Amino acid sequence: MDAEGMRSHQRTGYPRRRAVAACLTCRERKRKCDNLRPSCSSCLQIGTPCEYIKKDASTFDAASLRILTQLSVIEGLVRDIHPSSSPDFSSVPTTSGGQKQPNAVRSSECDGFSDTKHAIFSLHLEVGYRLSTDELLRWPIFEELLSSLQRFRFVDDHDSEAYTYLNDLLTQSDTMGSKDQVGSPWDLARPDEISTEISDIEPLVDHFFNRVNIKNPIVTRQDASQYCRQYCTHGSLSNLETCLVLLMCALGAVSMEFDPSNVTQSPSSSSHPSSRLASLRLGYRYFVAAEKCLGSALSSVHSLAIQCLCLAGIFHMYLIRPMHALRMFHAAGSSLQILASTNASSAEGRSQVYSSLFWTCYKSEREILAEIPVSTPALRQPGWPDSYPLSNQPASMTSDMWASHEEDSWYFFLSEIALRRITDQVADVVYKYIDARENPPDSSSPGIEELIPVVVEFERQAETFRENLPPSIQFPDVPQFASTEWQQYSRGRYYRVLELMHRPFLFAAIHDPDCSAVVRVLAEKGLFNALRYLQHSHASHRHHGTWLQLRNVMKAASLLLAASRSKGLKMPHGWEAGIDKALATYEYWAWEFPSCKTYAGVILALANSPLATDEEVRQIGFA
């Protein structure tokens, strides 16, 4: 039997075992449970969601066991990230002559690597912000080159005054109180024009599952089918079930089918096809209708309410409105934190829906706050060691084809969390080095050479992680196409973490022309991965992370342009085309997200002249 036949046989020929444990509701009520699926008789009678938890792997089928096996490999990689060569940047032993001992790095160990008992994904906000786009643009070389551009001031979460060259926060805040952004492409949408016909609803819900939920699996097909039947039968009601259906339709309308063939192409600058506008208006109509029900989600603390708030946040991210999204994710996170802090967490808190909602809200809120630190996150770190999200129960998989698709979705979701943990470890080391160089405590602060063995270890871990990705998530290098969104997003994060671990060497080479040849070589590896990220980025594909991608493009392009001014660094082949693609990306999205003009202004100021003025920046040709 060939490999494909074997895979098919494994998916369909393995007998599924039914759980012998009672559902969560029957456990709480101390009632006998008949274990019927998808809902036991008791839950069906009282009208409550019926959920099961399986802690014994013997109750899982073959597909679920493969997920657990792959998760063990990934988590093992994460827990191995504690290199013995992690420097302490606050105090380094020196010789009597003031020179650093060459092996001093071997004698100290970074606190961040010493506790691997529970590899908890943290996304430390202070570290994240110190490596944000705004902080990068505060490097000494950028301070000089961007001195003529306008600085937008704001107060951060520490009540300190900060500034940025990118006006996202100001333009988003100006429109927070209105339903529409002035001049937005969807401002002609009429919220009363929504359908309740199954022929209209089903395609949108299918788009939602195939384009949105596959990356953040927070809604089950079983629940969605039930709510859609109710919606199409009874019409639009003022309840959360209707709200969830309308939000799925909104996201299904604005989401885009992934087309790998034009990833490497720059988008057309002035083409705003009618289909793109029609999709935005259709999605916005369903969203405005859903907003009428979101009030009850804010005052309720259960999974359905949190699902609605989380999907509302994801919708705002699709429309590149990060501050609107932040409010939704924060509200969802507050409800999740209440569940985690009460007895409800013992039942609902370990369910698949809860755990996937937790990770989606946790990472989404903190990713925004890491770039724009205006508040503290609602969710604390997970308080239990088995903190990975659980997979869907096998009985909820209604077809072998969907089971295969859902299995791959969980592979992506789990591997993304694991790679984020690796990124956390890298970010901590990078932050400590750059902070020590920008704010040296004394003349004995460590040299860049002491980071070399640490980065070598990080490179090994990242490559091992990549090699162990499941087949559906494994990705080729550019210029080859990534055939799925899972591969596309995983590749982008991989390139970013490679650039990040080499960023200290870029910092040293850009600001110190007399740095060693080894430092220059490692700095050039950082430039190579920055360019690979620009080449990889799908400039015109709308998704949950579009705004974050615009920010990451800014980081990569800025590093390349800063390095181009250093005579000692060899620029990677094709880097100018990467800059052109970045500008074309900003021009494409400026139609919907006007702040892109300030993004492009920074790139042009770095590319053209250190004396670029605001008036020159305004002449960049945006429609």
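Which residues of strand E1 lie on its covered face, and which on its uncovered one? In strand E1 (residues 152-155), Phe152 and Phe154 belong to the covered face, whereas Arg153 and Val155 belong to the uncovered one. In a regular strand, the side chains alternate between the two faces of the sheet. The structure discussed here is a predicted model, in which local features need pLDDT of at least 70 and side-chain atom pairs count only at pLDDT 80 or more, while totals for chains, interfaces and linings use all residues. Residues are numbered from 1 along each chain as its sequence is written, and side-chain values use heavy atoms, with hydrogens and water left out.

The partner of E1 is strand E2 (residues 161-164); the two run antiparallel and are joined by four bridges. Two strands are said to pair if DSSP finds at least two bridges between them. Val155 has Glu161 in E2 as its bridge partner. Together E1 and E2 form a hairpin with five residues between them, and Asp159 in the turn has a positive phi of about 60°.

The secondary structure of the chain as a whole consists of 24 helices and two strands. These elements are DSSP runs numbered from the N terminus, helices (H or I) having at least four residues and strands (E) at least two. Of the 623 residues, 57% count as buried. The word buried means under 20% relative accessible area, exposed means over 50%, and partly exposed lies in between, with a 1.4 Å probe and protein chains only. Contact means heavy atoms within 4.5 Å. Among the contacts in the chain with a separation of 6 or more, 75% are between residues 24 or more positions apart.

The aromatic side chains come next. Rings of Phe, Tyr and Trp (its six-membered ring) pair if their centres lie within 6.5 Å; planes under 30 degrees apart count as stacked, over 60 as edge-to-face and the rest as tilted. By this rule there are 14 aromatic pairs. The rings of Phe358 and Tyr362 are a stacked pair, because their centres are 5.4 Å apart and their planes stand at 20°. Both residues lie in helix H16 (residues 352-371), four residues apart, which is about one turn of the helix. Phe358 and Tyr362 are both buried. The rings of Tyr588 and Trp589, with centres 5.0 Å apart and planes at 85°, are therefore edge-to-face. Tyr588 and Trp589 are likewise buried. Elsewhere, Trp139, Phe142 and Phe507 form one aromatic cluster.

A ring may also have a charge over its face. This is counted if NZ of Lys or CZ of Arg is within 6 Å of the ring centre and within 35 degrees of the ring normal. Arg151 lies over the face of Tyr163, at 4.2 Å from the ring centre. The charged end of Arg276 is placed over the ring of Trp589, 5.4 Å from its centre.

Side chains of opposite charge can pair when their charged atoms come close. A salt bridge is a side-chain nitrogen of Lys or Arg within 4 Å of a carboxyl oxygen of Asp or Glu, and the structure holds 21 of them. One of these joins Arg276 and Glu592, at 2.7 Å from N to O. Arg276 lies in helix H12 (residues 274-298) and Glu592 in the loop between helix H22 (575-589) and helix H23 (596-608), so the pair ties together parts 316 residues apart in sequence. Both Arg276 and Glu592 are buried. Glu592 also forms a salt bridge with Arg542, the closest N and O atoms being 2.7 Å apart. Arg542 is in the loop between helix H20 (517-536) and helix H21 (546-564), and Glu592 in the loop between H22 and H23, so this pair ties together parts 50 residues apart in sequence. Arg542 is buried, as is Glu592.

A further salt bridge is that of Arg493 with Glu367, whose closest N and O atoms are 3.4 Å apart. This pair links distant parts of the chain, with Arg493 in helix H19 and Glu367 in helix H16, 126 residues apart. Arg493 is buried, with a relative accessible area of 17%, and Glu367 counts as buried at 14%. Finally, Asp134, Asp168, Glu371, Arg551 and Lys555 are linked in a network of salt bridges.
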